[in-house]
Structure formats: structure tokens, C-alpha cells
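Open the model in your viewer and keep the selection panel at hand.

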Amino acid sequence: MAYETIRFQQADGVATITLNRPDTLNAFNDTMIRETTDAFKRCGKDPAVRCVVLTGAGRGFSSGQDLGDVQQRGEGFSIAEHLRRGYHRLIRAMVRLEKPIVGAINGVAAGAGFGVALAADIRIASDKASFILAFSRVGLVPDSGTNWFLPRIIGQARAYELAITAERLSADQALAWGVVNRVVPHQELEATVQEYAARLAQGPSLAYGLTKRAMYRAWEQTLEEALAYEAYLQETAARSHDYQEGVQAFLEKRPPRFQGR
Ligand code: LHQ
């Protein structure tokens, strides 16, 4: 399928989605929100995809909502409706995708762009990356899931301060606070992420997917519920080819050949 605002590439189990409106630092217009959502759903349906990389073209990851675009909307424009029809579907598609999503954060991630970065499962950042909860700069409250993700990762006091000051969080500070998993020199980002994703794509994908589901579910569960749910998911994982193969490979002292099923 041809896309207008993103690039979609697929090779060796890894799908790479590149936000591609570099002139605006990859600001989200309606088409880019829709196409990115579609691309994640497509990854969910394709068993050949076992890991997804999300990155931005040019010097930005994403500057969030295209402000020029919303400015042109008429009287009847509802931001709530825009969020519900757009960003909420995108964030949900990412969280519900039972495959690891690696955010390759190549530059600034601002506003809704920060939210989308947080909906990735793992973030590897360039040393030129930065994060801005830019919403208050334009008199808005954080959206696109940032109120849910960020306090869980860095704590409420830090998240609230970032929201009301809209200060830029550097890649190094993001690493220290656990917003990103790793920071690498800018020129090494693409190769590092592709190698990392290729490794994940060789892994026990069913277990990776169920683990993502278990961890998201656990946020809303009691310990008792989480224990029960783990037992249920483990039953599923233990019926997989990958479990048989993993144990067999261990006993035969060889690397496992996982198939993701
Ligand atoms: C942009 C944008 C942009 C358009 C850079 N739009 N062109 C949800 C629902 C509905 C309504 C509102 O919002 C939301 C959620 C949100 O996401 S709210 C937050 C929206 N985002 C922002 O407020 C961030 C706006 N951008 C910036 O503050 C700066 O561009 C940052 C700090 C991201 C980067 O600064 P610089 O590196 O200095 O780059 P720049 O400002 O020179 O931008 C480069 C170009 O990209 C420039 O265009 P030009 O034609 O002058 O080269 C900007 O106008 C354009 N651009 N962000 N969001």
C-alpha cells in the first residue's frame, strides 16, 4: 500500500515506519495520524512482522500536532473529537499490537509526538534527541496518553514540572530518568536500532507479545489478579513451538531457532 506521509519498509521480520513530513519536523496532520495507525494495524495482521521500528525522517522525530493544520479549521472544530478519532486510535493501535515496538528517537519529540514516542515499548535515542511536553506553550493540557505514560515512568512531580514549564528534556536526562532505554551517537542510531530489532525479530515473538499484554494489564490489576493472569498467559506460552524449541535447545547446548509461534 502506498502512503503519502510515512514510509513503510519491511525486511527480515522487521517493519520500519518512518514519519515523513520532515519540513515540519514530522508534525501530525490527519493523513499522517491515519496512515501511521493503519501501518501499525497492518503489522499486527502480518505474521511475517515480528518487530516494528518507528522513527522520523530528517532532524525531528515528531513535533506533535501540525499547528498550521488546526489553525485552518473552522468554527465547528472539536479538539476532543480530533483526539478521539485520531491520536487515541493511534496510541491504542500501538499498545494493543502484541509485538515489540522500538522507537528510534532521532530528534525532537514534542507534544503528541512525545506521546507517540512513549507508546513505543522501547526507546533508543540519538544523542541529538530531546523531548518537550509542548502543550502548555500553546495553552493546552498534555494529551495523546502523556498523562498516563509519563508519571508512571518518571514520577508525577517530574512529569508535572515538564508539563507546566514545557522545558526541553535532553537525551541524557531522559536516559537518567528512564524515558529512553539507551542513547547512542546520532550517526549510529539507525544501525544500532536495526541490529537490535533484527535480534528481537528472531526471538520468541508469541511470548514477547503476551508479556506486553501482561505488563499493560497489570497496571489495572491487583497482585492477585496479576498472578492469576500470568498463570493463564504462561499456559498459552507453554503450548508454543518456541517453548519446546527453547527447552530442547538449552538441553542440547545450542542456540534456539524460534519461529514466533
Ligand atoms: C511545525 C511544527 C508543528 C507545524 C515545527 N506544526 N509546523 C492535539 C489536538 C489538537 C490541537 C493541538 O494539539 C494537539 C496536541 C499537540 O501536539 S500540542 C503541541 C504541538 N506542538 C508544538 O507546540 C511544538 C511546536 N514546535 C516547536 O516548538 C519547535 O518547532 C520545536 C521545539 C519542536 C523545534 O524547534 P526548532 O528545532 O527550532 O525548529 P523550528 O521551530 O524552526 O521548526 C522547523 C520547521 O518546522 C518550521 O517551519 P519553517 O517553514 O519555518 O522551516 C516550523 O514552523 C515547523 N514546525 N513544529 N507542530
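**Charges over rings**

Select R42 and F8: R42 lies over the face of F8, 4.0 Å from the ring centre. The rule for a charge over a ring is NZ of Lys or CZ of Arg within 6 Å of the ring centre and within 35 degrees of the ring normal.

Before moving on, note that this is a predicted model, in which local features need pLDDT of at least 70 and side-chain atom pairs count only at pLDDT 80 or more, while totals for chains, interfaces and linings use all residues. Residues are numbered from 1 along each chain as its sequence is written, and side-chain values use heavy atoms, with hydrogens and water left out.

Next, select R152 and W219. R152 lies over the face of W219, at 4.8 Å from the ring centre.

**Aromatic pairs**

Rings of Phe, Tyr and Trp (its six-membered ring) pair if their centres lie within 6.5 Å; planes under 30 degrees apart count as stacked, over 60 as edge-to-face and the rest as tilted.

How many aromatic pairs does the structure hold? There are 7. Go to F114 and F131, a tilted pair at 5.1 Å centre to centre, with 45° between the planes. F114 lies in helix 4 (residues 112-118) and F131 in strand 8 (residues 130-132), so this pair ties together parts 17 residues apart in sequence. Helices (H or I, at least four residues) and strands (E, at least two) are DSSP runs, numbered from the N terminus. Both F114 and F131 are buried. Buried means under 20% relative accessible area, exposed over 50%, and partly exposed in between (1.4 Å probe, protein chains only).

Now return to W148 and Y216. Their rings are stacked, 6.0 Å centre to centre with 25° between the planes. W148 sits in helix 5 (residues 146-154) and Y216 in helix 9 (residues 205-218), so the pair ties together parts 68 residues apart in sequence. W148 is partly exposed, with a relative accessible area of 33%.

**Salt bridges**

Colour the charged side chains. Side chains of opposite charge can pair when their charged atoms come close. Here a salt bridge is a side-chain nitrogen of Lys or Arg within 4 Å of a carboxyl oxygen of Asp or Glu. By this rule the count comes to 9.

Select R73 and D30. Their closest N and O atoms are 3.0 Å apart. R73 is in the loop between helix 2 (67-71) and helix 3, D30 is in helix 1 (residues 30-45), and the two are 43 residues apart. R73 is partly exposed at 26% relative accessibility. D30 is also partly exposed, at 33%.

D69 counts as partly exposed at 21% relative accessibility.

Then select K212 and D121. This salt bridge has its closest N and O atoms 2.9 Å apart. K212 is in helix 9, D121 is in the loop between helix 4 and strand 7 (122-126), and 91 residues separate them. Is K212 buried or exposed? K212 is buried, with a relative accessible area of 8%. D121 is partly exposed, at 25%.

**A buried loop residue**

Centre on V180. The loop between helix 7 (171-176) and strand 10 (182-184) holds V180. V180 counts as buried at 3% relative accessibility. Which residues does V180 touch, not counting those up to four places away in sequence? They are R123, A125, F131, A171, A174 and L175. Contact means heavy atoms within 4.5 Å. For a distance check, pick V180 and M215: they are 35 residues apart in sequence and 18 Å apart in space, C-alpha to C-alpha.

**Positive phi**

Most residues other than glycine have a negative phi. Select N26, where phi is near 60°. N26 lies in the loop between strand 2 (14-19) and helix 1. N26 is buried, with a relative accessible area of 0%.

Jump to S144, which has a positive phi of about 55°. S144 is in the loop between strand 8 and helix 5. At 2% relative accessibility, S144 counts as buried.

Last, show the surface and select L67, I79, V138 and L140. Together they make a nonpolar surface patch of about 340 Å². Patches are made of residues with over 30% relative accessible area and no salt bridge: like charges are joined within 9 Å, nonpolar side chains (Val, Leu, Ile, Met, Phe, Trp, Tyr) within 5 Å. Accessible areas come from the Shrake-Rupley method with a 1.4 Å probe; for residues, only the protein chains shown count as cover. I79 is found in helix 3 (residues 79-96). I79 is partly exposed, with a relative accessible area of 41%.
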